[in-house]
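The sequence and the coordinates are shown first.

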Amino acid sequence: MSNINNINNTNDFVIVSETSKKYNAALTEFNSIFLVGREFSSVVAVQEAAKAYGVKHNIALTTEYASSSRIKLICKHSGEYRDTRKAKKVASKTSVMGETLPGWERKRKKDTQKHDCPCFMYANTKKGRKLTVRSREAEHNHPIEEDRRAYAMHHKLLPEAMALVVKHLENNDDVSTIFNSLKINGYTNIVHHDIANIKQHFGKLEKGKEMFDFITTLQDLDFHVRYSVGNTEDNQVNMVFFVYQDAINEA
């Protein structure tokens, strides 16, 4: 029995060590990319650097606020989860009297809850200089997600990768073939389900290709895009909503 325990402990140690290596590597690279005093040509350059870093390490960095002269990036898990339902206040009052609010124990929990993560990066411009990193914190107070499906923001393919997907679709290749081809070519930020959606929604119809090109062009221009598919046999896209990041920041 003691031998089994030793083996389990050893395996646990190996797993923890490997996880620690990945975490430390992610922190080291963050501190290198966003070194205090480093200059960037623009806010977009900062966002692109954060995007590439996030895809590589499966860490979700989002823009808390941005303008032409400043930007603050935060971890997606920054801040505290707030349940805005009025029942929360009612529950706190009734608990004093020893009562229980029906259904309150079924409070919805999300996998991507806010954990008040301290990771951030802040940069601004002073006296006509380039955008300069002023402060940053690389540490996270939560585990780094191993599952590539955790963050939809990382599933966007580069134009050249999308071109590869289209080529396979034109050859009527199956999802597994496309996925393996992307993996071989170094594109690891997409999962089978994403490819299946692309294949289902756009198929090989010419109109589907036009809509496919339209949506991917919007994404390449940094628009946030949402679309819906009608309940028709050919799965045509019947609605596209898109908004630019600057508009979101202003809101």
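Leaving aside its neighbours within four places in sequence, with which residues is Phe40 in contact? The model is a predicted one, in which local features need pLDDT of at least 70 and side-chain atom pairs count only at pLDDT 80 or more, while totals for chains, interfaces and linings use all residues. Residues are numbered from 1 along each chain as its sequence is written, and side-chain values use heavy atoms, with hydrogens and water left out.

**Packing around Phe40 and the nonpolar cores**

Contact here means heavy atoms within 4.5 Å. With its neighbours within four places in sequence left aside, Phe40 touches Ile33, Phe34, Ala45, Val46, Ala49, Lys130, Leu131 and Val133. A second, separate core of 14 residues includes Met162, Leu164, Val175 and Ile198. A nonpolar core is a set of buried Ala, Val, Leu, Ile, Met, Phe, Trp, Tyr and Cys residues joined through side-chain atoms within 4.5 Å. Buried denotes under 20% relative accessible area, exposed over 50%, and partly exposed the range in between (1.4 Å probe, protein chains only).

The largest nonpolar core has 25 residues, and Phe30, Phe34, Phe40, Val46, Ile71 and Met121 have the most contacts inside it. At least two residues of this core come from each of α1 (2-33), α2, β2 (61-66), β3 (70-75), β4 (120-124) and β5 (131-137).

**Overall composition**

The protein holds eight helices and seven strands. These elements are DSSP runs numbered from the N terminus, with helices being H or I of at least four residues and strands being E of at least two. Of the 251 residues in the protein, 30% are buried. Among contacts between residues at least 6 apart in sequence, 58% join residues at least 24 apart.

**Helices with a buried side**

The expected span of a helix is 1.5 Å times one less than its number of residues. For helix α2 (residues 43-57), 15 residues at 1.5 Å a residue should span 21 Å, and the end C-alpha atoms are 21 Å apart, which agrees. The buried residues of α2 are Val43, Val46, Gln47, Ala49, Ala50, Tyr53, Gly54 and His57. They cover an arc of only 160° around the axis and therefore lie on the same side of α2. Such an arc is that of the directions from the helix axis to the C-beta atoms.

Helix α4 (159-170) has 12 residues that should span 16 Å at 1.5 Å a residue, in agreement with the 16 Å between its end C-alpha atoms. Its buried residues are Ala161, Met162, Leu164, Val165, His168 and Leu169. Seen down the axis of α4, these fall within an arc of 155°, so they line one face of the helix.

In α5 (175-184), Val175, Ile178, Phe179, Ser181 and Leu182 are buried. Their arc around the axis is only 160°, which puts them on the same side of α5. The face turned away from this buried side carries the exposed residues Lys183 and Ile184.

**Positive phi values**

Most residues other than glycine have a negative phi.

| Residue | Position | Phi |
|---|---|---|
| Asn58 | just after α2 | about 55° |
| Asn172 | just after α4 | about 60° |
| Gly186 | after α5 | near 90° |

Asn58 is found in the loop between α2 and β2 and is buried, with a relative accessible area of 3%. Asn172, in the loop between α4 and α5, counts as exposed at 52% relative accessibility.

Glu145 sits in the loop between β5 and α4 and is partly exposed, with a relative accessible area of 32%. Glu145 and Ala60 are 85 residues apart in sequence and 9.5 Å apart in space, C-alpha to C-alpha.
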